[in-house]
Amino acid sequence: MVDLKTQYENMREEINRAVLEVIDSTEYINGPAVKRFQAELEQYLQVNHVIPCANGTDALQIALMALDLEPGAEVIVPAFTYVATAEVIALLRLTPVLVDVEEDTFNIDLEQVRTAIGPRTRAIVPVHLFGQSADMEPLLQLAEQHRLYLVEDNAQAMGSDYRFSDGTVRKTGTMGHIGCTSFFPSKNLGCYGDGGAMMTNDAAMAQRLRMIANHGQSQLYHHAIVGVNSRLDSIQAAVLSIKLKRLEQYNANRRRAADYYDAAFGEVPQLRIPVRSPYSTHVFHQYTLVLREGDRDALRQYLAERGIPAMIYYPIPLYKQQAFAGYWAGGELPVTEYLCRRVISLPMHSELNPAQQDQIIEAVKSFFK
Ligand SMILES: Cc1ncc(COP(=O)(O)O)c(C=O)c1O
């Protein structure tokens, strides 16, 4: 699905040098490499504060801890997402309220959010799924109107731009009260292990997030609040600094690969190519097709037999996962159900070339012949 080896080969010298420098420095935790990367990401995202942490799931957890919500408070999340988004809500003894998504963009459906808001609702966590921003402007208005927190899960859309109706452009992850991201190796901006970060423009919130990620202290051995231990290590930060310089190029490569797939699959009546929303650029963390007709699992099997990987993101609605059974009152979310049965993601990464794509395209098309 990804080709991290070729990507590394293209910058091997630079990476090796940077990693060895960190090892040589012995400043493995919170060293200058972390501070440098933090400042570079703030600059790139045009956000006041980036708070690095150990992974994207921690970023979401720390963000929700920082909101200091009462037990049982409701947090609205899409049912069609990676488990981490809802997991941290349940972990903190809050109540995930799973809502349906839009069929075309796969992102949280504004009207479903509106309907789900009740007296115990405290926050909304939209996910910028597969590389494209949720429609933030109306969501921000809704959040403000109901005095709700808005926490963005930007694990899959690093580098994507959202355009407001007045023409203002903002990076995903910088529009809500807090943005969260993951630097898992296969992400658009990924390191060589685990990593994550939170983003905010609010100085007081930044201070709180930083404290929670560091055992609730801002002064050594003075623990003002209950926190966790969640750090981005210096080696990962050094790798991320090198890859951040290339992120725009990586995302352009992904878009070019998506265009190439689109041109081939646009004419296959059984397939729906990814919809690009007018308010967001798409950074194609995933290239996800919807099978209008035909057996999706048979297609995946057919591709596997020809040595072509394909993944199902996501096969089961979150409310049907055993772990979340307690939050499900019954009743299905029709779009989530439909997508879980019909989506298939093809190989997508910054090193994908037309020759590889031709092979994939040929195999997919031959399935429908
Ligand atoms: C939408 C979404 N949220 C959260 C995460 C969690 O990130 P991590 O794996 O770094 O904990 C991921 C990625 O794995 C993700 O895709």
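Of the 13 residues around the ligand, those that come nearest are Gly-56, Thr-57, Asp-153, Ser-182 and Lys-187, where a residue counts as near a molecule or strand if one of its heavy atoms lies within 4 Å of it. The structure is a predicted model, in which local features need pLDDT of at least 70 and side-chain atom pairs count only at pLDDT 80 or more, while totals for chains, interfaces and linings use all residues. Residues are numbered from 1 along each chain as its sequence is written, and side-chain values use heavy atoms, with hydrogens and water left out.

**Contacts with the ligand**

- A polar side-chain atom of Thr-57 lies 2.5 Å from an oxygen atom of the ligand, and a polar contact is a pair of N or O atoms within 3.5 Å (within protein, one must be able to donate a hydrogen and the other to accept it, and residues adjacent in sequence count only if both atoms are side-chain atoms).
- Asp-153 has a polar side-chain atom 2.7 Å from a nitrogen atom of the ligand, whereas for Lys-187 a polar side-chain atom is found 3.2 Å from an oxygen atom of the ligand.

**Pockets**

- The largest pocket has a volume of about 620 Å³; on a 1 Å grid over the protein atoms alone, a pocket is an open set of points with protein on both sides within 12 Å along at least five of seven lines, a cavity is a set of points where a 1.4 Å probe fits but cannot get out, and lining residues have an atom within 4 Å of a point.
- A volume here is the space filled by probe spheres set on the grid points, which are joined across faces, edges and corners.
- The lining of the largest pocket is made up of 31 residues, with Tyr-82, Gln-156, Phe-184, Lys-187 and Tyr-314 nearest its centre, and Lys-187 is also one of the residues that come nearest to the ligand.
- Helices α4 (56-67) and α5 (83-91) each supply at least two residues of this lining, where helices (H or I, at least four residues) and strands (E, at least two) are DSSP runs numbered from the N terminus.
- By class, the lining of the largest pocket has 16 nonpolar, 11 polar and 4 charged residues, with Ala, Val, Leu, Ile, Met, Phe, Trp, Tyr, Cys and Pro counted as nonpolar, Asp, Glu, Lys and Arg as charged, and the others, Gly among them, as polar.
- The second largest pocket holds about 320 Å³ of space, and of its 16 lining residues Asn-30, Gln-38, Ile-51, Pro-52 and Arg-210 lie nearest its centre.
- At least two residues of the lining of the second largest pocket come from each of α3 (32-45), β1 (49-53), α8 (203-213) and β10 (217-219), and α8 gives the most, with 4 residues.

**Cavities**

- There are 2 cavities of 30 Å³ or more, and the largest cavity has a volume of about 70 Å³.
- The largest cavity is lined by 13 residues, of which Leu-4, Gln-7, Arg-254, His-349 and Ser-350 are the closest to its centre, and the lining divides into 3 nonpolar, 5 polar and 5 charged residues.
- The second largest cavity has a volume of about 50 Å³, and its lining has 5 nonpolar, 5 polar and no charged residues, including Phe-106, Gln-132 and His-282.

**Strands and crossover**

- Strand β2 (residues 74-78) runs parallel to strand β4 (residues 121-124) and is joined to β4 by 3 bridges, where two strands pair if DSSP finds at least two bridges between them.
- Strand β4 is joined by 2 bridges to strand β5 (residues 149-153), and these strands run parallel, with Ala-123 having Tyr-149 in β5 as its bridge partner.
- From β4 the chain crosses through helix α7 (residues 136-145) to β5 in a right-handed β-α-β crossover, a handedness assigned if, with the strands pointing away from the viewer, the path from the first strand over the helix to the second runs clockwise.
- An open sheet of 3 strands has the order β12-β13-β14 with antiparallel pairing, and its edge strands are β12 (271-272) and β14 (343-346), each of which pairs on one side only.

**Backbone details**

- Tyr-313 and Tyr-314 are joined by a cis peptide bond with omega of about 10 degrees, and Tyr-314 is found in the loop between α11 (296-305) and α12 (334-342).
- Asp-68, although it is not a glycine, has a positive phi of about 55 degrees, and Asp-68 is found in the loop between α4 and β2.
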